[in-house]
Amino acid sequence: MSPKPTGRFAHRDDGLYLLLDRLFAAPIADVWFSLTNPHEMEKWIGTYTGQPYTGGVKFRMTSEPEAEWEYVSILECHAPHSFLAESREGPDKMRVFCHLTEAGGLTTLTLGQRLHNPTEAATMGPGWDYYLDRLIAARAGKTLPEWEHYYPAHASYYKELVVPGKSA
């Protein structure tokens, strides 16, 4: 795998988001399963306990040995097309969404994370590129990519991204 930074900025009603896309030669239901089943998620990012239909779960990054369990609120879920989730409290609050669309036997995943400041993209962007590439590798049964190929290598790409609607 040859990792490349892929993120872009977009304004949404609730703030500035970093968006990343991935394309899968798979039905939307299969990709949704990889994003929402705790056993499948564990192969590429983490796992959760609890019942998502209650509006909250406890999530832990299994790919980061020091990670602790944290509460995640599920603000919206429209299976198998989208979900919106929020974790952490106060100024560190993190909002993430996934949107999936299917056409012609291909499913496009768009992941977005709301940023408090555009400078956060220098660390968040490489992280999401890394995890989305891990998702692709895990689904294909291939070796997972290594973090060192993403950070700090991708940081300069994200530092140079221009926020839409603002002058450079």
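**The largest pocket and its surroundings**

The lining of the largest pocket divides into 25 nonpolar, 6 polar and 6 charged residues. Here Ala, Val, Leu, Ile, Met, Phe, Trp, Tyr, Cys and Pro count as nonpolar, Asp, Glu, Lys and Arg as charged, and the others, Gly among them, as polar. This is a predicted model: local features need pLDDT of at least 70, side-chain atom pairs count only at pLDDT 80 or more, and totals for chains, interfaces and linings use all residues. Residues are numbered from 1 along each chain as its sequence is written, and side-chain values use heavy atoms, with hydrogens and water left out.

The pocket's volume is about 970 Å³. A pocket is an open set of points on a 1 Å grid over the protein atoms alone, where a 1.4 Å probe fits, with protein on both sides within 12 Å along at least five of seven lines; lining residues have an atom within 4 Å of a point. The volume is the space filled by probe spheres set on the points, which are joined across faces, edges and corners.

In total, 37 residues line the pocket. Ile45, Phe59, Met61, Met94 and Trp128 lie nearest its centre. At least two lining residues come from each of α1, β4, β5 (70-78), β6, β7, β8 and α3. Helices (H or I, at least four residues) and strands (E, at least two) are DSSP runs, numbered from the N terminus. The largest share, 6 residues, comes from α3.

Now the core. The largest nonpolar core has 36 residues. Such a core is a set of buried Ala, Val, Leu, Ile, Met, Phe, Trp, Tyr and Cys residues joined through side-chain atoms within 4.5 Å. Buried means under 20% relative accessible area, exposed over 50%, partly exposed in between (1.4 Å probe, protein chains only). Leu35, Ile45, Leu109 and Trp128 have the most contacts inside this core. Elements giving two or more residues to the core include α1 (28-36), β4 (56-61) and α3 (121-140). Helix α3 gives the largest share, 6 residues.

Ile45 belongs to both pictures: the group nearest the pocket centre and the most connected core residues. Contact means heavy atoms within 4.5 Å. Leaving out residues up to four places away in sequence, Ile45 touches Phe59, Arg60, Met61, Thr62, Ser63, Trp128 and Tyr131.

The whole structure holds 8 aromatic pairs. Rings of Phe, Tyr and Trp (its six-membered ring) pair if their centres lie within 6.5 Å; planes under 30 degrees apart count as stacked, over 60 as edge-to-face and the rest as tilted. Trp128 and Tyr131 pair edge-to-face, at 6.4 Å centre to centre and 65 degrees between the planes. Both residues are buried. They sit 3 residues apart in helix α3, so about one helical turn separates them.

Tyr130 and Tyr150 form another edge-to-face pair, because their ring centres are 5.4 Å apart and their planes at 65 degrees. Tyr130 lies in α3 and Tyr150 in the loop between α3 and α4 (155-159), so this pair ties together parts 20 residues apart in sequence. Tyr130 is buried at 8% relative accessible area; Tyr150 is buried at 0%. Ring pairs join Trp128, Tyr130, Tyr131, Trp147, Tyr150 and Tyr151 into a cluster.
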